[in-house]
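Work through the exercises below with the sequence and the 3D view at hand. Each task is followed by a solution in steps.

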Amino acid sequence: MSSARVTYVNHEDNSSEQGPPSYSESDRERFELRAPASPTRVQLPRGMENTFTRGRYTPSESSSARGPVSPTRSQVNLPRGFENIGGQRPPSVSQPAPAAKISLPKGMENIMTSRSSRYAVDRPVDPGRSPPFYRSPSLDETDSPYSAENSVQPRHSASYNTGGTLPWQQDVDAKPMSKAEQYPLTQEPNNDGHITRPTSRTMEQNGKSTDRLDGHEERDAWGSKWEFILASIGLAVGLGNVWRFPYLCQKNGGGVFLIPYIIFMVIEGIPLMLLEFAIGQKFRMTAVRLWNEIHPALFGVGLASLAVSLLLCVYYVAVIAWCIFYFFISMQPDLPWKIDELCTKYPEYKVLKTEEEFWLKNKTFYSKPPYKDNSSYYDISQYSERMYQESKNNVSTFKDCCVLDPPQWYFYTEVLDISIDIDDYSKGVNLKLLGCLVLAWIVVYLCVVKGIKSSGKVVYFTATFPYIILIILFFRGVTLEGAGTGLKAFFSPENAWERLGDVQVWKDAATQMFFTLSLAFGALIVFASYMPYHNQCMNDAYTVVFINCGTSLFAGVVVFSILGYREVKTGISANKVGSGPGLAFMAFSDALLQLDLSPFWAVLFFFMLILLGIDSEFGTLEAIVGPMMEIGIFPKKWRKEVNTAILAVVLFLIGIAFVAGNGFYVFQIFDGAVSLPLLIIAFFQCIAVAWVYGNDRFADDIEDMTGKRPWIGWMICWKYISPLALFIVVIATVYDLCKSSAAYDVFVGCVQDPFSSSYDGTKEWTAKVTYPGWGQFLFALLILIPTVAIFFYIIYKWPKNWKESFHNMFCTGINNYRPDPGEE
C-alpha cells in the first residue's frame, strides 16, 4: 500500500477573533490537488493532513512526471464524506491543468485555523490516526480523556462536538449546535440535573477582565489575586476590630480571653471562611442562587443573607458619617472637645478645682511627720482637712456635666444633638450629620459604581492605608509615659483566670469571632465567585482569618497604650473604657487630647476609621446589587450602575432616620437585631454543605479546584463541631433576648446635672430603658424577616421523597456519619 504524503503551505488569514473564518469560493480555489508520479502528493490545508484514513489513490499510467493527473472515479477511493472532493466534474487532463476546485462538505468550510501556518511540512500520513481530542485542563488523571462528556475538539477544528463523531462523519443536514453542545461538560450532572462548566478568562480592548462560566452568563473577574485578598481583608477588618475587640478583651480577662478566642477561631472562624470561599469559587454565583442550586429548600438562606446585608448597609453608613464629621472637625488648631473650648462654665469649675488641689496639698503636708504628731499643728491639720472636704464636695456637685467628661458630652450633645428618648422628635434632622451621610453614600457609590472593576482598585488604598496609620499610632503609643500601665490593663486585668469559668466570656469570644470575619452576609461568597476556578481558595481563607485576628490584637495594643498615657495624665483608669462609640468617640478622643499635635493624631485616627468603615460598606453593597437583579427586584436589562444608584438613594432615604435627634436610639435597634439572624444563617450554611450537598462531594470539589483534599479536621468542623457551636450560641442569644423586653441605652446625663427632667442622671450617663411598643415590634420584625424566610422555604420546598432521603442518609450504615463518607 503506497503512502500518501501531505504538504500544507502558508496561507493568509483574515479571520476575526470571534472564531474560525468563513472562506469564500475564491479562497477555496487556492487549495491545489496535485498527484506527482512518485510519490503521490496531495496538497491540503492545515488540519486535514490525517483525513485519508483508508483507501488508495492510484495515478494514471499516462501521467507525466511533472504534469497534473486526472484520476478517474475508479482510481480514487476517498473516505466517506469526501466523495465530492473534486467538485461536480473532474479536473481537466490537459497539460498543464489548472488547479482543481475542492468543494468541501457542509460543516467543513471553516476547516482552516484562525492563524496562518508558519511552516510547510511534509510528513507521511498515519492511516489509523484520527485528529486528537482536546482534554479540559480541569480533569483528573482518573477521568477518561476520550469520553463523550470529557472531550472537546481542537479549537481550530470546524466545529465542537460532544461525542466521538468526527466532524466529517456528522450528518451534513444536522441543525446548528447549541451552546451546551459546543462546550461539553467537564463532569456528570448532579442529582438535580444541574451542571458545572469550565470557565475561560478574556481581556477586552478596554482592559476589562471577565470570566465566562460556560453555559451561564459572563461574570466579572478580579484584575489580580491581590485585589481579591485586599477586598476580603477590607470586608472582614472593620470598625469592630478597633472599637469592640479591645473592650471585650479587657473586660473578659485580657490575655486569658485569647484562649476562647483562638479556640473559636479554629472551630468556627477558619472552617466557615473556608466554606464560603470554596463554595463561592465552585458555583461562581451569588449566595441567593447558590443555595437554591444546592437545593430549592435552601433558597431562603440566600434571601436571609440578602436581607441582613441590607440591614447592615442601612445603619453602618451612619457610623461612617460620624467618623467623617469628626475627621473634618479635627482640622483646627484646638480639638473642639477640649474642655476650655467646649464648656462655658469651665472658668468657675477651674477655680473650684484649684481650691481643691490647694487644700489637698495642705492636708497632705500636715499629715506627715513631724507635723502629724505635733499638737501645735493639730488645728491647722484639721482645718486643712475640713477645707479639702468642702472644696472636694463643691467640685463633685458642680452642676455641669460638660466639665466632668468633655468628649462624652461633645459626642451626645454636639455631634448627635440627641433627643431625650426615642419618642422625642423635637430635635428633627441633624443637618451636619445629614451632609456627612450624603458624602458617605457618594464615596461608597463611587467605589462600587463599576462593580469589582472599581472596588478592586480602590481596595489597594482603603485596605492598606489603615495599617500604615495603625503602625504610626503604635510607635507613638508605646513610647508614651504610662504605655506599660495601659498594656497591663489590656493583657492582665484583675481576676483574669477566674473569668474563664464565666459562660458570658465564651459567648463573647464566639460572637466576636463570627462577626469580625463578616461571615454569613453573602459578600465573601460573591467575592470568591469572581476568582478563577483553580484558585487556591484554602490559602486565601487562612490569609484573611489570620490577618483579621492579628489586626484585632494589634489595634488593642495601640488603643490601650494611649489609654495608659491618659491614666498618667488625668488619673482616669485605662480600664474605664466602653465598647463601640464609647471607645472611639469618648475614651480615645480624650486620650488624643493629651498628645502633642493632637489635631494631627485625631485626623489620622478618624481617617483610619473612615477607611475601615468604607471597606466593609461597599463590600456588603456589592453583594446586594447582583442578587436583587437575579430575583427580579431590579430589571436585568437596566445597567448595574443605575441599579446601584437607585439602591443607594433608597438606603440613604432610610438612613436619614439615623441622623435625627432620636436616630442614635433607632440605630441601636438595627445594631442589636442583625446578630441572631446571622448566627442562624451560618448554622444552615454548615448543614447545607455537610449534609445536603455532601461533605465528601464538597471535598471532591475542593480537590478538583486546588489539587488537594481539605484537612480532615475541617471536614469534622463542617459536619459536626461548627454547627454544634453555632447552635449553642443561637440558644444562648435567644435566651438572653427572652429574659426581658428589648431595651436601649438612653442618654440621661450625669448625676449632678441630669440631661432632662424625664430621667435621673447616672454615673455612666446612660440608663437602660425599654423600647415603646413600635420599637419592640420593629426589633422583632428585623429579626424575623430573615429568619422566617429560611424556615418558609424549607417547609414550602420540602422534598416529597424526604423519608427515603432521610433513610438513605441516616439509616444505611455508619459510613454516612464519617466526616468524609466517600473516602476509601
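**Exercise 1.** Which residues in helix 10 meet which residues in helix 11?

Solution. The model is a predicted one. Begin by locating the two elements: helix 10 covers residues 346-366 and helix 11 covers residues 378-396. On the side of helix 10, the residues that meet the other helix are Tyr349, Leu352, Lys353, Glu355, Glu356, Trp359, Leu360, Asn362, Lys363 and Tyr366. Their partners in helix 11 are Ile380, Ser381, Tyr383, Ser384, Glu385, Met387, Tyr388, Ser391, Lys392, Asn394 and Val395.

**Exercise 2.** Describe how helix 10 and helix 11 are oriented.

Solution. Two packed helices are described by the angle between their axes and the distance between the axes. For helix 10 and helix 11, the angle is about 150 degrees and the axes lie 8 Å apart. Angles over 145 degrees count as roughly antiparallel, so helix 10 and helix 11 are roughly antiparallel to each other. Their crossing is left-handed.

**Exercise 3.** Is Glu622 buried or exposed, and which side chain does its own side chain join in a polar contact?

Solution. First find Glu622 in helix 21, residues 598-630. Its relative accessibility is 4%. Buried means under 20%, so Glu622 counts as buried. Next, the side chain of Glu622 forms a polar contact of 3.0 Å with that of Lys640. Finally, leaving aside neighbours within four places in sequence, Glu622 is also in contact with residues including Val448, Gly451, Ile452, Phe527 and Tyr530.

**Exercise 4.** What percentage of the chain's residues are buried?

Solution. The chain has 824 residues, and 51% of them are buried. Its secondary structure consists of 27 helices and ten strands.

Definitions and conventions:
Residues are numbered from 1 along each chain as its sequence is written. This is a predicted model: local features need pLDDT of at least 70, side-chain atom pairs count only at pLDDT 80 or more; totals for chains, interfaces and linings use all residues. Side-chain values use heavy atoms; hydrogens and water are left out. Helices (H or I, at least four residues) and strands (E, at least two) are DSSP runs, numbered from the N terminus. Buried means under 20% relative accessible area, exposed over 50%, partly exposed in between (1.4 Å probe, protein chains only). A polar contact is a pair of N or O atoms within 3.5 Å; within protein, one must be able to donate a hydrogen and the other to accept it, and residues adjacent in sequence count only if both atoms are side-chain atoms. Contact means heavy atoms within 4.5 Å. Axes are lines fitted to C-alpha atoms, for helices over the stretch in contact, and angles run from 0 to 180 degrees between N-to-C directions. Angles under 35 degrees count as roughly parallel, over 145 as roughly antiparallel, 65 to 115 as roughly perpendicular and the rest as oblique. A crossing is left-handed if the near helix is turned anticlockwise from the far one by less than a right angle, and right-handed if clockwise.
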